[in-house]
Amino acid sequence: MASETGPVEKSVEEEVEESAILLLRIHEVFVYKLPPLKGHGGRRAEEWDLGNPALTGTLSVVNKGETVYIQIFKDALTLFASAPIRVDDKRPLEYFLECCRDTSRYFALRVEDDKSKRHTYIGIGFRDRQSAFDLRAALDDQLRRITRQHEAQSISSDEDQLKPVEKQLVDLSLKEGEKIAVKINLPPKKEKDKKKSQKKKPTQSS
């Protein structure tokens, strides 16, 4: 199924939250209950019974403030699961959305309950590779954008902290028409001549 990027028509629930920006909607996503992870070799979609998904729904990528959400809907108004990805979290994107080792169309998604903050992993997959690519691209672009905003705000904050110091500096430059007097203590003329004569050595005649 084709996915939508950029400004798209929002559902009633999304219009209620004015701060939410819809970045992507994919009209078909398969959801799976994940089996226990075997060893440390990563996830493999072939172990998920791909022909029998627990749910076929829609997926949205939404930005709210400094958090990006991957949302799975049963239908247009019923939210099934939400996966928040926070920019201030030092963990990589792969911690929240882990691609399977045997296919690029299936992922293990870290979902979190908004109230209890408890989390678990579910499997998600797409019929075509383009939808999987669109999901990764939308996340990468928005997370980089928020990171750049953070950096710009940090630079602006540092400049604001320097302004009070600049105000304390005294302007010592001369104004137009202003003169400065310099006093130099020079020895009297006789004393200078005496010192010069002392420095001259007498010459011996042959």
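## Strands, core and a buried glutamine

Strands E4 and E5 pair in the antiparallel sense, over seven bridges. This is a predicted model. Within the pair, Gln71 has Ser82 of E5 as its bridge partner. The link between E4 and E5 is a hairpin of five residues.

**The chain as a whole**

How many helices and strands does the chain have? There are four helices and eight strands. Read from the N terminus, the elements follow the order β-α-β-β-β-β-α-β-β-β-α-α. The chain holds 206 residues, and 32% of them count as buried. Take the contacts between residues at least 6 apart in sequence: 54% of these join residues at least 24 apart. The accessible surface of the chain is about 15000 Å². Carbon and sulfur atoms account for 52% of that surface.

**The largest nonpolar core**

In soluble globular proteins, nonpolar side chains tend to be buried together. Here the largest nonpolar core has 30 residues. Which of them touch the most other members? They are Leu59, Ile70, Leu109, Ile124, Phe126, Leu135 and Leu139.

Setting aside residues up to four places away in sequence, Leu135 touches Leu24, Ile26, Leu59, Val61, Ile70, Leu97, Ile124 and Phe126. A second, separate core has eight residues. Among them are Tyr32, Leu34, Ala45 and Cys100.

**Gln142**

Helix H3 also contains Gln142. Is Gln142 buried or exposed? Its relative accessible area is 8%, so Gln142 is buried, as that value lies under the 20% cut-off. Which residues does Gln142 touch, not counting residues up to four places away in sequence? They are Leu23, Asn63 and Val68.

**In brief**

Leu135 and Leu139 are among the core residues that touch the most other members. A separate core of eight residues includes Cys100. Strands E4 and E5 are joined by a hairpin.

Technical notes. Residues are numbered from 1 along each chain as its sequence is written. This is a predicted model: local features need pLDDT of at least 70, side-chain atom pairs count only at pLDDT 80 or more; totals for chains, interfaces and linings use all residues. Side-chain values use heavy atoms; hydrogens and water are left out. A nonpolar core is a set of buried Ala, Val, Leu, Ile, Met, Phe, Trp, Tyr and Cys residues joined through side-chain atoms within 4.5 Å. Buried means under 20% relative accessible area, exposed over 50%, partly exposed in between (1.4 Å probe, protein chains only). Contact means heavy atoms within 4.5 Å. Two strands pair if DSSP finds at least two bridges between them. Helices (H or I, at least four residues) and strands (E, at least two) are DSSP runs, numbered from the N terminus. Accessible areas come from the Shrake-Rupley method with a 1.4 Å probe; for residues, only the protein chains shown count as cover.
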